[in-house]
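Work through the exercises below with the model open. Try each task before reading its solution.

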Amino acid sequence: MRKTLKTLLVAAVGLWAGALVAQQPTQTALIRLDTPQGALLGTASERHPQVSIFKGIPYAMPPVGQARWQAPKPAPTWQGERLADTFGPDCLQQPYPEGSFFYRPARVSSEDCLYLNVWSAAEPGADRPVMVWIHGGALTRGSGAIDTYDGTNLAAKDVVVVTINYRLGVFGFFAHPELVSESPEFSAGNYGILDQIEALRWVQQNIAAFGGDPDNVTIFGESAGAWSVNLLTASPLTEGLFHKVIAQSGARLDTRVALDRQTSAGPPAINSGVELATQLGAASVADLRNMPGRELLDRAMAAGFRTDGIVDGWVIPAQPYEIFSEGRQRAVPVMVGFNSDEGTTLGAAANLPSTAEAYRARLQAQFGDFADLVLDVYPEDNIRESVLASFRDATFGWNMVTWANLTRHVGQPAYLYYFTHQPPGAAESNLGAYHASEIAYAFNNVQTLPSRGTALDYRLADIMSDYWVNFAHHGQPSAPGQAEWLPYSNAERNYLLIGTEVSAETDLMPDNWAVFDRVMDRRRQPVSD
């Protein structure tokens with residue numbers, strides 16, 4: 001890219017990335033790139049000067065005013081040069097509370113937040129694989145600007161990296177009968193997923209200018225980002241937008257909330273929307289659209305509003321498990337996995353039963369007549385270990401193994417991993433391989449971990465990111481000099497164990513999945529209104 005981009009001196013007058021700037025003399029060297037949208041002025045990475053970085057690129061119109069709770073519209077083109085050296089605002093959200101393991105200082109947030117960021121060491125038209133990261137945060141928090149997601153080290157391994165923002169919480173996943181009526185598709189509620197789809201359309205139209213190949217796009221994400229990857233794989237609206245998927249600790253193959261009917265996951269989404277409007281004293285969607293965004297967010301969170309990934313008949317036409325079981329998902333290679341200690345930072349170890357009797361009573365309340373089956377696999381002799389393991393497997397493990405298994409219906413390979421490495425400080429804090437701990441290794445960004453990494457951590461991150469990058473290149477994960485990662489199938493239940501060392505293994509906890517197959521099948525049964 002450096003050969004074909006023009007390095008110039010421009011005015012850096014303290015404007016954020018959304019500003020258009022005139023060329024005026026200063027001492028800040030920026031990199032010009034011509035794209036179908038218009039000219040961008042980005043920067044070079046300090047760690048890898050061959051990597052160019054473009055931040056805060058608009059991919060959709062601001063979803064404000066009447067556009068609140070509408071499908072996103074493509075961002076317009078511009079004349080002149082757009083400064084792209086600063087991240088755009090996060091989507092409107094409340095930060096994690098202080099004291100939370102996932103707390104970080106708040107960034108500026110706004111409803112005007114549909115921006116993305118690109119890292120690339122390739123020349124325009126070089127056709128490098130593209131990796132589009134979708135952040136986690138329960139679809140209520142997060143950003144493409146988090147330092148762990150910095151794409152520099154992956155881009156240095158010959159891929160183009162994109163991180164995105166998308167609408168969150170009540171702005172991204174709110175349904176209401178009036179919104180259904182005004183929708184041409186008679187749908188509502190999946191605006192955050194529609195934002196992700198619009199970002200992928202932007203990639204198709206623009207990424208060649210950054211050296212990326214629009215015909216070789218991998219989407220990847222963790223937690224709610226992996227939920228999103230799962231839902232995008234299930235959506236009929238995503239045809240041709242990506243070609244491989246990586247999901248880290250998250251899928252939505254359990255039963256989901258539906259737009260206008262009861263499921264085992266809860267009441268119809270439109271009912272929840274009507275209830276929220278009533279609690280907020282809003283007589284109509286127009287009243288809700290007139291409410292200041294921060295007030296709407298705070299009041300919705302105070303009211304306990306929460307929906308995500310609604311089965312709406314359009315974006316998500318049916319229950320995801322049904323779509324995957326019938327082979328109606330995108331026919332793409334899949335790489336999925338989870339961590340050994342997902343629950344330690346998610347509250348699963350809080351308020352543990354103090355006795356075996358209390359533990360059995362909890363299982364009875366959670367699983368009914370399957371409680372004894374669960375107890376056989378997660379016994380009462382170590383309550384903490386059993387509670388954490390059953391939480392991990394019900395919430396993450398079963399979803400990931402089931403996704404790998406159901407990929408057989410589209411004739412594509414699936415690769416399963418199990419991450420057990422304890423990051424620095426995790427053993428002393430009794431956290432283990434906690435939720436999200438693998439992200440810094442996948443991005444080769446060990447320097448962003450809460451505690452200082454060792455040489456072993458840096459080595460593991462280099463290996464793990466090689467597997468990720470080579471999957472994006474070829475659809476088969478590999479790393480030089482490391483274990484061959486074989487596909488997962490019913491007949492050959494292969495997986496990659498990523499611990500202090502990396503090894504190829506088989507038959508990961510089959511008894512655990514057998515139990516939750518039965519539990520989830522029960523939950524999929526129809527629920528009367």
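The model is predicted: local features need pLDDT of at least 70, side-chain atom pairs count only at pLDDT 80 or more, and totals for chains, interfaces and linings use all residues. Residues are numbered from 1 along each chain as its sequence is written, and side-chain values use heavy atoms, with hydrogens and water left out.

**Exercise 1. Classify the packing of α12 against α15.**

Step 1: locate the helices. α12 spans residues 383-406 and α15 spans residues 510-523. Helices (H or I, at least four residues) and strands (E, at least two) are DSSP runs, numbered from the N terminus.

Step 2: take the geometry. The two axes come within 10 Å and cross at roughly 90°. Axes are lines fitted to C-alpha atoms, for helices over the stretch in contact, with angles from 0 to 180 degrees between N-to-C directions.

Step 3: assign the class. α12 is therefore roughly perpendicular to α15. The cut-offs are under 35 degrees for roughly parallel, over 145 for roughly antiparallel, 65 to 115 for roughly perpendicular, and oblique for the rest.

Step 4: list the contact (heavy atoms within 4.5 Å). α12 supplies S390, R392, D393, A394, G397, W398, V401 and T402. α15 supplies N512, W513, F516, D517 and M520.

Step 5: sort by class. The contact of α12 with α15 has six nonpolar, four polar and three charged residues. Here Ala, Val, Leu, Ile, Met, Phe, Trp, Tyr, Cys and Pro count as nonpolar, Asp, Glu, Lys and Arg as charged, and the others, Gly among them, as polar.

**Exercise 2. Describe the surroundings of α5 and its packing against α4.**

Step 1: check burial. In α5 (residues 224-234), 11 of 11 residues are buried. Buried means under 20% relative accessible area, exposed over 50%, and partly exposed in between (1.4 Å probe, protein chains only).

Step 2: find the cover. It includes β10 (128-134), α4 (191-206), β12 (212-222), β13 (244-248), α9 (320-325) and α12.

Step 3: examine α4. Its axis lies 11 Å from that of α5, at an angle of about 75°. That makes α4 roughly perpendicular to α5.

Step 4: name the partners. I193, Q196, I197 and L200 of α4 meet S228, L231 and L232 of α5. By class, this contact has five nonpolar, two polar and no charged residues.

**Exercise 3. Which residues have the most contacts inside the largest nonpolar core?**

Step 1: A nonpolar core is a set of buried Ala, Val, Leu, Ile, Met, Phe, Trp, Tyr and Cys residues joined through side-chain atoms within 4.5 Å.

Step 2: read off the answer. The largest core has 116 residues, and F210 and W403 have the most contacts inside it. Its largest share, 11 residues, comes from α12.

Step 3: look for another core. A core of 46 residues lies apart from it, with A155, I246, V446 and W468 among them.

**Exercise 4. What do the side chains of T238 and S45 reach?**

Step 1: T238 is buried, with a relative accessible area of 0%.

Step 2: find its polar contact. The T238 side chain reaches the backbone oxygen of S235 at 3.0 Å. A polar contact is a pair of N or O atoms within 3.5 Å; within protein, one must be able to donate a hydrogen and the other to accept it, and residues adjacent in sequence count only if both atoms are side-chain atoms.

Step 3: Not counting residues up to four places away in sequence, T238 touches I197, L232 and R330.

Step 4: S45 lies in the loop between β4 (39-44) and β5 (52-58). Its relative accessibility is 6%, so S45 counts as buried.

Step 5: list its partners. The S45 side chain reaches the backbone nitrogen of H48 at 3.0 Å. A polar atom of that side chain also lies 3.2 Å from the backbone nitrogen of R47. Leaving aside neighbours within four places in sequence, S45 is in contact with V51, I53 and T152.

**Exercise 5. Is F186 buried or exposed, and is N444 buried or exposed?**

Step 1: note the torsions. Most residues other than glycine have a negative phi. F186 has a positive phi of about 50°. For N444, phi is positive and near 60°.

Step 2: F186 lies in the loop between α3 (177-182) and α4. N444 lies in the loop between α13 (439-442) and α14 (455-474).

Step 3: apply the cut-offs. F186 has 58% relative accessibility, so F186 counts as exposed. N444 has a relative accessible area of 15%, so N444 is buried.
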